[in-house]
Amino acid sequence: MLRHFLLFSVCFLSSLVAADLIDTGAILGCKPEQTNSGFTVQYYSYPYASAGSSPCWNTIYQTDEFLYEGGYATLGNGLLGTSSGVTNLTFETSSSLVKKSCTNYISTLPSNYNYDKAISVSNFSMLITGYFYAPTTGLYQFNLDYIDDLAYVNVGAGNAFNCCQKDTSVKSPGNFTLFAEWTSTPANDAIQVDLVGGAFYPIRLFYANRDYIGGLSFTFTDSAGIKHEDWSGYIFSAQDLDGGDQCNILPEYSTIGWTNSFTSTYTTVSTYTNSQNSLTTGNVIVIETPIPTITTTYTTPWTGSVTTVSYTHLR
C-alpha cells in the first residue's frame, strides 16, 4: 500500500500568442551510467525556398514530417556539424551582421556554442539535447525567454527521447511540451515540472531560424527559485547503451477508485513507503478506475398474482 503525499506535477505557463502547450502526462527520469557536462548541439541546413517563392523562407517547418519524423536531418545539406559541452545557449544576431531578409549570411555562432565553423546564420536549425540533473526534489522551471524564429521543447523520458537510447529515438519526439514562435512581442514562455532529486531527465530543444536575424535564450529556474543562464552542473550528455538497453528509473504504481465511468492515468511525484518499508520519494503512476456499481435486489412476498417488486440499491 502506498502512502501518498501528492505533489503538483506539471504546470504550463504561457504568455506568447500562438504558443502550443500540450500536457504530456508523465515526466519520467533516467539513470545513465556515465555522463559528460553540457548539451550536445547538432547544426542543420535550412535552405530558402526556391527562387521567386513568397515567402522566401522554407515553410517545411510546419509539417509533421519535418518536426516529428526527422525530416530536418535530410533537408538541404543535412547535418553541418556537432558540438558538445555547451552550457549556455544564449545567442542573438543583429542587423549589422544580417543586413537584409531572404539572403544567406555566413558567420559563426558565439564562443559559448563551442563551434568555430561558419554556417548560414540567416537560415539554419539546431537540435539541442541533454539530460537535466535535478540535485534535489522540487519544482523546476524551463524558460524560453527569447526566440527568433522557432523553438520546440520536449522534456521527460519517452517524450524528448528514450533513456540511454537517444540516437534511435530523438528524431521522433512526443507532443511538444513547449512551443514558441517569434512575434513582435518577446517570448516569455515556461514549463514547470516537479522532479525527483538524483534523476536525469531527457530534454530536447529544436530551434530554427527561417530567415534574417535570429536568437535564442533558454534558461531554467531551480527548486530554490534561482534563475540560471549557465546550465553547468545541471545539464549532461551520455552515451547510448548497446543492444537497445535503456536506463529508465521505473515508477511505482497505485490504483485508486473514482466515480467517473472511465479510467484515467497520471504521473506525480509522491512520498511513499517502498517494499523495503523505507520512506522514499519518486514518480508514481496513479491509475484511477471506476468504482463498480453494486446492485442489490430485495424480494418481498405478498398475496397478489405478481411475484416480486425489485428495488435497486446503489452503493
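Let me begin with Val196, which is found in the loop between β12 and β13, where strands are DSSP E runs of at least two residues and helices are H or I runs of at least four, numbered from the N terminus. This is a predicted model, in which local features need pLDDT of at least 70 and side-chain atom pairs count only at pLDDT 80 or more, while totals for chains, interfaces and linings use all residues. Residues are numbered from 1 along each chain as its sequence is written, and side-chain values use heavy atoms, with hydrogens and water left out.

Val196 counts as buried because its relative accessibility is 10%, buried being under 20% relative accessible area, exposed over 50%, and partly exposed in between, with a 1.4 Å probe and protein chains only. Its C-alpha atom is separated by 4.4 Å from that of Thr137, 59 residues apart along the chain.

Now the backbone. Most residues other than glycine have a negative phi, and most peptide bonds are trans. Here, the bond from Ser54 to Pro55 is cis, with omega near 5°, and the bond from Asp148 to Asp149 is also cis, with omega near 20°. Tyr212, in the loop between β13 and β14, has a positive phi near 70°, and at 27% relative accessibility Tyr212 counts as partly exposed.
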